[in-house]
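User: I would like a close look at one part of this model, with the cut-offs stated as they come up.

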Amino acid sequence: QVQLVESGGGSVQAGGSLRLSCAASGDIYRRNCMGWFRQAPGKEREGVAAIYTRGGTTRYADSVKGRFTISRDSAANTVYLQMNSLKPEDTAMYYCAARFAPESRCIGGLGPAPYNYWGHGTQVTVSS
């Protein structure tokens, strides 16, 4: 199995920055595609970013492009989400997720996807 543990959430003023971390363990072949999702109260879950861990290629939601950066430290089995220029609209529970997928499917889109391993989430609150 794959285990994911998020950290780094918190409260920040608008315009500030946070870095979320997702420590992964378990079968590497079941987590070659990893993503960050978020869900705000009353809203549907949305994909934020995805990374194909073998090559490092990425995909971002339009709403965060230019502000967020997903990256990975392969040696540490950790995926990061650097969030800059945070807005109140970014307030949500952020979840790390993993799945097995080829690169084309991993970064081909951020719509509903069958990520089958999930962390418990970390809260991000951005105050105006």
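Predicted model: local features only at pLDDT ≥ 70, side-chain atom pairs only at ≥ 80, totals over all residues.

Analyst: Residues are numbered from 1 along each chain as its sequence is written, and side-chain values use heavy atoms, with hydrogens and water left out.

A salt bridge here is a side-chain nitrogen of Lys or Arg within 4 Å of a carboxyl oxygen of Asp or Glu; the count by this rule is 5. Asp 90 lies in the loop between strand 8 (78-83) and strand 9 (92-99), and Arg 38 in strand 4 (residues 33-39), so their pairing ties together parts 52 residues apart in sequence. Strands are DSSP runs (E, at least two residues), numbered from the N terminus. Both Asp 90 and Arg 38 are buried, where buried means under 20% relative accessible area, exposed over 50% and partly exposed in between (1.4 Å probe, protein chains only).

Asp 90 also forms a salt bridge with Arg 67, at 2.7 Å from N to O. Arg 67 is in the loop between strand 6 (57-60) and strand 7, so this pair ties together parts 23 residues apart in sequence. Arg 67 is buried, as is Asp 90. Shared partners join Arg 38, Glu 46, Arg 67 and Asp 90 into one network of salt bridges. Within it, Glu 46 meets Arg 38 at 2.6 Å, N to O. Glu 46 is partly exposed, with a relative accessible area of 32%, whereas the value for Arg 38 is 6%.

As for the strands, an open sheet of 4 strands has the order 1-3-8-7, with antiparallel pairing. Its edge strands are strand 1 (2-7) and strand 7 (68-73), each pairing on one side only. Two strands pair if DSSP finds at least two bridges between them; strand 1 and strand 3 (residues 18-26) are joined by 6. Among these strands' residues, Val 5 has Ala 23 in strand 3 as its bridge partner.

Thr 122 belongs to strand 11 (residues 122-127) and is buried, at 10% relative accessibility. Leaving aside neighbours within four places in sequence, its contacts (heavy atoms within 4.5 Å) include Ser 7, Gly 9, Leu 20 and Tyr 94. A polar atom of the Thr 122 side chain lies 3.1 Å from the backbone nitrogen of Gly 9.

Definitions and conventions
Polar contact = N/O pair within 3.5 Å; in protein donor to acceptor, adjacent residues only side chain to side chain.
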